[in-house]
Amino acid sequence: MKSIADKLASLLLAAGASVGVWAATAGFAAVHAAVNDLPGGPAVNQLNLGPAVTRIAAEQQWLHWMMLIICTVIFIGVFGVMFYSIFKHRKSKGAKSADFHESVGVEIAWTVVPFIIVILMALPATKVVVAQKDTSNADLTIKVTGYQWKWGYDYLKGEGEGIAFVSTLDNSHRVMSASGNPPPTDDYLLKVDKPLVVPVDQKVRIITTANDVIHSFMVPAFGIKQDAIPGFVRDTWFRAEKTGDFYGQCAELCGKEHAYMPIHVKVVSADDYKVWVEAEKKAMAAKQDDPNKVWVLNDLVIRGEKVYAANCAFCHLANGKGTGSNKPLDGSLVVRDADKSKQLAIVLNGKGQMPAWKQQLSDTEIAAVMTYTKNAWSNKTGFLVQPSEVKAAR
């Protein structure tokens, strides 16, 4: 009886476990039912490579399937013969092993056939690898700099030359992640405040480097993945054949917020690209406020709060407390110091994980954000920084 009871208990536990697994699976499916495929990005339950929008990416996918098919055929052939031999010539059926020493024909065959297979695989692969590295005759050259944890884009050559900005994870997604229970979102942790914009059907050369640690610039739809290494310059290229939004991520483990530096590339028509370039240059010109204008404290604080929210709040938080190794600004001795030179040098030239802002922000914006930090939260120093002081420090 005890044995029967034990068996019944085991069956009930197994049934309960199955119901639990089914319930968990159903719950997971229900939560993720609202999430859809992201065009240009990952798909729900994706098993295969995403749709290619460049010739290189398409050839990479063709190589992937060619290699997979060849390896599968070899696997089936080798193991098929092996298992057939084991089964057909087993001892229980009275099989006896053959008595021979060598076969020149077999040895030649198992040397020549694999060599031919390797050559057939290597030729198209080499062609694609060489094409991947041919960055000559680019229509547009963009330098991509990896920071912990954001991307800096500088348009070096071609239409849009001189445009520069930093692209950061959208703060709303950072808040969702910090909540521990983010709502279903198609572009979760892929939305940025400012995407990289490029024209369709033009060769774009990407030059990669980094400010702190090794990062990796990867956009699967373009078939590109290039490490960004401090002190080194690497390059890759792509030519998008269709317009749209395409997503990637840093593909090198670069620190605790590695998951928070997405890549968003917006491919637009040639006409739309011209419009974007004109708008960006007008915005850059508007940023060049008169550095000789003398501001009052309240106006600078109001202006600085906006600059801080757009550029600094991601690392130092809206309350100035900092995150992880990012030092707090609230109560900082450097920020509260009447001697502005130390803070000004850090903002202009960067320090540690903090990037240099002298290229991205105008004299007025730097003066405003410094004034804001000196008077926000518990600092309340009453000190202000004039744009002319920033101009002199440059």
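Two strands count as paired if DSSP finds at least two bridges between them. With that in hand, here's a walk through this predicted model.

Two residues sit between S1 and S2, and the pair makes a hairpin. If you want a spot to look at, Thr145 faces Gly152 in S2.

S1 also has strand S5 (residues 204-210) as a partner, this time in the parallel sense, again with seven bridges. There, Val144 is opposite Thr208 in S5. How enclosed is S1 by the rest of the structure? Largely, because seven of its eight residues are buried, and buried here means under 20% relative accessible area.

**The annotated helical spans**

UniProt, in an unreviewed entry, puts the feature "transmembrane region" at residues 62-87 and 108-126. Here's what the model has for those spans:

| Span | End-to-end C-alpha distance | Helix | Strand |
|---|---|---|---|
| residues 62-87 | 37 Å | 100% helix | 0% strand |
| residues 108-126 | 26 Å | 100% helix | 0% strand |

**Ser92 in the loop**

Where does Ser92 sit? Look in the loop between helix H2 (55-88) and helix H3 (104-132). Is Ser92 buried or exposed? Its relative accessible area is 64%, so Ser92 is exposed, the cut-off for that label being over 50%. The side chain of Ser92 makes a polar contact of 3.2 Å with that of Arg90. As for Val166, 74 residues away along the chain, 73 Å separates its C-alpha atom from that of Ser92.

Technical notes:
Residues numbered from 1 in each chain as written. Predicted model: local features only at pLDDT ≥ 70, side-chain atom pairs only at ≥ 80, totals over all residues. Heavy atoms only, no water. UniProt positions renumbered as here; feature names shortened; annotations may be inferred. Helix = DSSP H or I, 4+ residues; strand = E, 2+ residues; numbered from the N terminus. Buried < 20%, exposed > 50% of the residue type's maximum accessible area, 1.4 Å probe, protein only. Polar contact = N/O pair within 3.5 Å; in protein donor to acceptor, adjacent residues only side chain to side chain.
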